[in-house]
Every structure is written in C-alpha cells, then in structure tokens.
Amino acid sequence: MLTPVFESQPLIQFRSRSTVLELTVNNQPGVMIRVCSLFSRRAFNVEGILCMPIDSGGESRIWLLVNQDRQDREDQRLEQMIKQLLKLEDVLDVQRHNADHKVFVQLEQFFRPDRQETHLLDDKQGLRFV
Amino acid sequence: MIKRTGAQIIIHLLERQGVRTIAGIPGGANLPLYDALSQSDTIRHVLARHEQGAGFIAQGMARVSGRPAVCFASSGPGATNLLTAVADAKLDSIPLICITGQVPVAMIGTDAFQEIDAYGLSIPITKHNFAVRSAAELLVVIPAAFRIASSGRPGPVLIDVPKDVQNQMVEFAAWPEPACPEPFPDFAPAAGERAAEMINSARRPILYLGGGVIHSGAGRLVTCLAEKASIPATMTLMGLGAMPMDHPLCIGMLGMHAARYTNLALEECDLLIAAGVRFDDRATGKVAAFCPNAKIIHIDIDGSELDKIKTAHVGIVGDVGEVLETLLPLVEPNPRSEWLTYVAQLKQKYPLLIPDAEDLRTPYGLILQAASLLDDETIIATDVGQHQMWTAQVYPFRRPRQWLTSGGLGTMGFGLPAAIGAALACPDRTVVCFSGDGSLLMNIQELATAVEHNVNVKIVLMNNNSLGLVHQQQDLFYGKRIYASDYQSRVDFVRIAEGFGMKGYNLSASDDPLRTLARAFRERGPCLIHVPIDVNEKVYPMVPPGAANKDMIGGEAHAHARV
C-alpha cells in the first residue's frame with residue numbers, strides 16, 4: 001500500500017513561500033541522491049522533487065520545489081544553495097522560477113488528501129494503488 | 001589495439017599521471033588491483049596498518065607537493081576506515097584520489113560479504129565520486145578524477161571499482177592523455193580596480209590569509225602586497241606559512257587562540273582583505289562581531305565561499321595569485337605609519353605571552369627549542385589538540401607547505417601518518433610531528449609503517465596523559481568537572497616505540513634534554529621523543545566557543561605579572 005504523505009498546510013498557502021528550481025544534470029546513476037544529499041546536509045528543505053531523462057537520455061531534468069521566502073534570510077541561503085548546486089560535477093545548469101510555475105501546480109491533483117483524481121487517472125492508465 | 005584488464009588500466013593511468021607512491025591496504029575486493037600494481041616498475045606501494053593511516057599518508061604527500069596523491073582500500077571496512085581521511089581532505093581542500101575495491105557487480109545490493117555502499121557513503125565528503133561499472137569507463141574516470149581533484153578548489157575524489165571490473169579485459173585504441181588542472185576562471189578587471197581603490201583609500205587595512213593562498217602558491221605575492229601598501233597580515237590555521245611569521249608586517253594567527261593584539265587589531269580595521277579564506281568560526285568567533293568596522297574584499301577560487309558567512313563589498317572569484325598579479329600594480333605604495341604604529345603599540349601592550357620559552361619541559365619552551373635546532377627546510381606536522389594550538393601560536397613558520405595540520409575536521413590521529421606521507425614525498429627533509437598522547441594513540445599502528453620505510457619522521461610527543469583541550473574546556477567552562485578526559489592508566493610510549501622497532505627518547509630522563517633533542521633530530525630515521533607535560537597547562541588566550549574574538553580569556557600581561 002502506498003500512502004502519500006501530506007503537509008498539514010493547504011497546498012496553495014504552502015506554495016506561496018516556495019520557489020521552483022530547474023536543474024539540468026548529467027543522467028548519471030545517483031545524481032538525484034547527490035542533489036538531495038546536498039540540500040539535506042545543508043539543512044535546506046526540499047518539498048518536492050521530480051526527475052526525468054531529457055533528449056536522448058544523456059541528461060536529466062530535476063525540478064525542485066524548495067521552501068523559501070524571498071523577503072528574509074532564506075533568500076540568501078537559497079543563493080548559497082544554488083552556488084553549491086553548481087559546484088556539483090553532474091549539475092550543468094540551475095534556473096530559478098517562481099512558485100507558481102506550472103510543473104508542480106499540475107501535479108497537485110496527485111497529492112490531494114482524497115486522491116479522487118489520482119484514482120481516475122490511475123484507472124485510465126491501468127495503474128492502481130490502494 | 002591495446003588489450004588490458006581494468007586493474008591494469010588503473011595502474012597504467014596512475015603511472016602516466018606521474019604517481020610514484022601509493023599508500024593502501026589490500027583485501028579481497030581489490031586483489032586484482034594489487035596484482036597489477038605488483039607488476040609496476042615505477043610505483044612504490046606503502047603498506048599502511050589501517051586504511052585511515054593510508055588516507056593520511058596520501059594526504060601528507062598531497063599537502064607537501066600540492067599534487068593529487070593516491071590511496072587504495074578494499075571494500076567494506078577498508079572503505080569505511082578510509083572515510084575520516086577523505087572527510088578531512090574535503091574540509092582542508094586537499095587533492096586526494098581514493099580507489100576502493102567493491103564486490104562484483106552482480107553481487108551489489110545483495111548484502112554480500114564486505115559489501116558497503118562506498119559511493120553513497122562518500123557523496124557528502126568528496127568533491128566528486130564515481131561508481132565504475134565497466135573497465136572501459138576507467139579510461140574516462142581516472143583522468144577525470146585527477147582533473148577534478150586538482151582543479152579550482154582542490155578536494156578528494158573516490159572511485160569505487162567492483163572486483164569483476166578490475167578483472168574485465170577490454171580493447172581500446174589509445175591511452176587517454178594525463179589530466180591537468182583546468183584553467184582558473186576569469187574575473188572582471190573592474191572588480192580588481194574597485195578592490196585596489198578600496199585598498200588605496202583604506203586607513204586601517206588588514207590582510208586575512210588562508211589555506212587558499214597556500215594552494216595557489218601566492219605566498220610571495222601576498223607578501224609583496226603587504227609590503228607595498230604597508231598592510232599588516234594575519235593568517236588562519238591553514239594559512240600559516242603564507243607569510244614568514246617573523247615578517248615585520250605579520251601579526252600571527254587570528255581567532256580562537258590568537259594573540260590578544262591580533263584580535264584587537266582586527267577589531268579596529270576598516271578594510272579586511274580576505275584571500276583564500278572561508279570565515280571559519282574558529283577564525284571569526286561570533287561572526288556578527290567580527291571586524292565590526294571593516295569593509296570586506298573577498299578573493300576565493302570557490303564562488304560559494306563569497307557571501308556565505310560574511311557579505312563582501314567586493315567579491316572576486318579567482319585564483320588568489322592571478323587576482324593579486326592584477327591588483328598589485330593598481331595598489332599605491334603607502335607607508336601607513338599611523339596604523340602600523342598603532343598595531344605595534346597593540347602588540348607591545350597585548351603580546352602573545354610565552355612563559356618559560358627557554359624551558360624544554362614546558363610546551364612553548366619545547367616547541368621553540370625544537371625550532372632553534374631546525375631549519376626552514378623542515379616540515380612540521382601536528383596532530384589535533386593543545387599541542388597543535390601551541391605549535392600554531394609560536395612555531396616560526398617561514399614558507400608555504402612547511403606546516404601540515406588537520407584544520408577543518410580537526411582529526412586526532414592525523415599527525416603521524418601525514419608526517420610519514422610528507423617524508424615519503426620529500427625524502428631529503430626532516431619531518432617533525434608534534435603530537436599529544438591522545439592523538440598519537442588514535443593511529444599509533446603507523447609506527448610500524450614509519451619503521452618499515454625508515455622515514456625521517458621525528459615524533460615529539462607532549463604527554464599529559466589526558467585529552468588536553470577537553471580537559472581545558474571542562475576546567476574553564478564546566479565547573480572544573482574533569483570527566484572522561486584524563487586517562488586512568490599510563491602508557492609507556494618509549495617502550496611502545498621500541499616495541500615497533502623505533503628509537504625512543506625520554507627527555508625527562510635526560511641530563512641534557514636539549515642535546516638529546518638535537519641528537520634525535522640529527523640521526524636519520526624515525527624516532528619518538530617523549531616529553532611529559534603538566535596537565536594543567538592551558539592554551540591561552542582563548543575565545544570561549546560562540547563568543548566574540550575581543551572577549552578572550554587568559555594570556556593577559558597583568559595576570560601573568562601577578563603570578
């Protein structure tokens with residue numbers, strides 16, 4: 001049984017304090033763990049992560065939803081995180097987007113507590129998790 | 001076509017890279033690699049007695065040469081034992097290539113005998129790492145590892161190679177070229193001009209020099225800058241040797257165990273020229289109170305160091321040497337006599353107190369008397385603790401790479417193997433390792449390695465039968481509740497050394513300790529010089545952890561006068 005884990009905050013409110021990062025990385029084994037490990041050991045929250053190969057598969061794109069408020073010290077911390085990301089050998093590029101970037105907005109339907117839409121989609125694609 | 005096994009490829013690429021000494025320990029999962037190494041005519045293997053020792057021996061070689069050094073370990077415990085030395089190299093930016101054996105590819109993920117995820121474990125403590133899955137990859141991975149370890153800000157690279165990949169035979173057309181460090185990043189000339197303007201208009205500037213100056217080989221240039229514009233210079237623990245300690249503009253090490261006048265001068269400075277430093281907490285004390293009146297010029301090869309702890313008014317990402325080459329012609333000569341006079345007065349009023357400088361039975365006396373018997377060619381290594389701080393405070397370092405110490409990680413057990421590595425890389429030099437009994441016990445097995453290779457390492461052991469810095473903090477900050485920091489039994493280190501086949505001297509039993517010390521230094525080969533010291537000796541001054549640098553305790557002239 002797979003049970004999604006939810007933040008107690010509503011998604012919209014939560015997104016208002018977030019930023020979306022778009023990383024282009026070498027599609028090497030372990031590249032996701034490198035990125036996640038970097039955020040974790042520097043005590044910077046990652047709220048969401050998506051990773052898929054792009055083009056012919058030599059590179060991947062990683063989307064990160066990071067918890068961050070542009071007004072306070074977190075902004076400086078995020079700048080530091082981006083510099084640290086760019087030091088990773090397998091990270092080729094980092095772009096910063098606003099929290100309303102549609103990549104995570106479109107995903108929200110899969111992360112609702114009642115999971116109705118999720119079930120519908122799953123049924124259509126012949127996938128199911130209970 | 002060339003036909004080789006993975007193991008042969010690794011060894012030949014290391015030979016082509018100019019590697020002449022490898023420290024390591026063989027085991028089940030790296031036996032093919034050792035078999036290939038046994039056929040090498042140019043690489044000497046140094047068998048350590050613990051993988052951590054192998055890692056620090058390689059560090060010693062890398063720290064004195066500035067070039068990547070190599071160590072080998074087998075899978076499982078071999079790899080985990082190596083990790084402390086790898087983490088140490090990461091924090092001090094030391095170029096290291098660690099090649100670990102791994103269980104065969106088909107067995108990965110099955111909890112096989114001596115299987116451990118060396119790749120996953122080493123991600124946070126390496127600059128980069130590789131999990132190799134085919135012998136052909138090695139033709140790319142080995143040169144890449146050398147390029148990464150030595151480019152920009154140096155650091156350790158770990159390569160995990162499964163046993164079957166070591167045995168796999170592959171054909172290829174040509175050997176890859178040996179890797180070189182990448183060129184340094186360009187920096188905007190405008191930033192250099194702004195920095196020069198700030199230096200020219202500053203009234204009370206101070207140079208703050210770190211390990212980056214050593215890595216860059218920019219010692220001569222920082223000295224030129226200091227002299228041209230009359231700028232006092234302070235050094236971090238990692239920066240010692242960047243400028244001669246006896247240079248009139250040198251104001252010694254800053255931070256937690258700085259001389260009072262050094263920290264007080266930093267309080268007054270109006271421009272801090274930070275070169276190859278990372279504003280480490282042991283140097284800055286409470287950051288908000290560090291150099292409260294200063295603008296900051298920060299030069300570093302690693303852009304992520306700029307604005308990490310302190311926001312710079314001018315930040316330049318580049319090699320310290322290259323940046324200073326540009327900066328120097330733009331800086332105007334300036335006698336700055338008012339500021340230099342002020343600093344000289346501070347120094348006179350709040351000097352580093354060195355009681356009993358002549359007495360070999362005291363820590364400072366021992367270090368200074370040892371220094372009087374040694375020349376600038378000597379390499380000084382330390383372990384971690386009180387002896388390390390005393391040495392950093394008073395040893396007259398006069399050149400870069402003369403000083404090997406574990407700065408960022410502060411690893412007890414660093415000293416002996418690092419000294420062995422230094423002696424292997426520089427066989428014509430004497431290497432003196434100041435150590436403490438707590439530290440020495442953490443890698444004492446490497447006495448066997450030192451004897452086996454007859455390295456010219458002199459261990460000067462300050463024995464207070466305790467963990468001295470812990471003892472000091474418990475005494476000062478924990479109500480004198482000395483707990484778990486004093487050893488209940490005594491070790492006879494001279495006999496231990498002799499048991500390993502090493503010469504041991506006990507200075508406390510000598511009628512003429514200075515002569516005994518001189519003889520120990522003069523005779524070629526390894527030896528241990530045992531010096532009992534008082535457990536109540538303290539490293540002063542001391543900035544309490546978390547306090548501002550101006551709030552030092554101990555080491556006051558009037559307090560001393562009262563005694």
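This is a predicted model: local features need pLDDT of at least 70, side-chain atom pairs count only at pLDDT 80 or more; totals for chains, interfaces and linings use all residues.
**Two chains, asked and answered**

Biologist: Why is L86(A) called partly exposed?

Modeller: Count its neighbours. A residue is buried if 20 or more other C-beta atoms lie within 10 Å of its own, exposed if 12 or fewer, and partly exposed in between, with C-beta atoms placed from the backbone. L86(A) has 14 other C-beta atoms within 10 Å, so it counts as partly exposed.

Biologist: And which residues does L86(A) touch, leaving out those up to four places away in sequence?

Modeller: V91(A) and V94(A). Touching means contact: the C-beta atoms, placed from the backbone, lie within 7 Å. L23(A) is 63 residues away from L86(A) in sequence, yet their C-alpha atoms are 9.4 Å apart.

Biologist: How is chain A built overall?

Modeller: Five helices and four strands, running α-β-α-β-β-α-β-α-α from the N terminus on. Of its 130 residues, 18% are buried.

Biologist: Which parts of chain A face chain B?

Modeller: Eleven residues of chain A are in contact with ten of chain B. α2 (31-41) and α3 (73-87) of chain A each supply at least two residues of that side. By class, the side has two nonpolar, four polar and five charged residues. Here Ala, Val, Leu, Ile, Met, Phe, Trp, Tyr, Cys and Pro count as nonpolar, Asp, Glu, Lys and Arg as charged, and the others, Gly among them, as polar.

Biologist: Over to chain B. Why are α15(B) and α16(B) called oblique to each other?

Modeller: Helix α15 (residues 363-373) and helix α16 (residues 386-394) of chain B pack at about 55°, with their axes 10 Å apart. Axes are lines fitted to C-alpha atoms, for helices over the stretch in contact, and angles run from 0 to 180 degrees between N-to-C directions. Under 35 degrees is roughly parallel, over 145 roughly antiparallel, 65 to 115 roughly perpendicular, and the rest oblique. α15(B) and α16(B) are therefore oblique.

Biologist: What hand does the crossing of α15(B) and α16(B) have?

Modeller: Right-handed. That's the clockwise case; a crossing is left-handed if the near helix is turned anticlockwise from the far one by less than a right angle. P363(B), Y364(B), I367(B) and L368(B) of α15(B) meet H387(B), W390(B), T391(B) and V394(B) of α16(B). That contact has six nonpolar, two polar and no charged residues.

Biologist: How do you know that α16(B) is mostly covered?

Modeller: Nine of its nine residues are buried. They pack against β11 (250-253), α15, β15 (379-382), β17 (431-436), β18 and α20 (468-477) of chain B. As for α15(B), the cover over its buried residues includes α16, β17, β18, α22 and β20 of chain B.

Biologist: Last one: why does L272(B) count as buried?

Modeller: L272(B) has 25 C-beta neighbours inside 10 Å, so it counts as buried. L272(B) is in strand β12 (residues 271-275) of chain B, and it touches I206(B), Y208(B), C291(B), A294(B) and I296(B), again not counting residues up to four places away in sequence.

Definitions and conventions:
Residues are numbered from 1 along each chain as its sequence is written. Chains are lettered from A and ligands numbered from 1 in the order in which they are written. Two residues are in contact if their C-beta atoms, placed from the backbone, lie within 7 Å.
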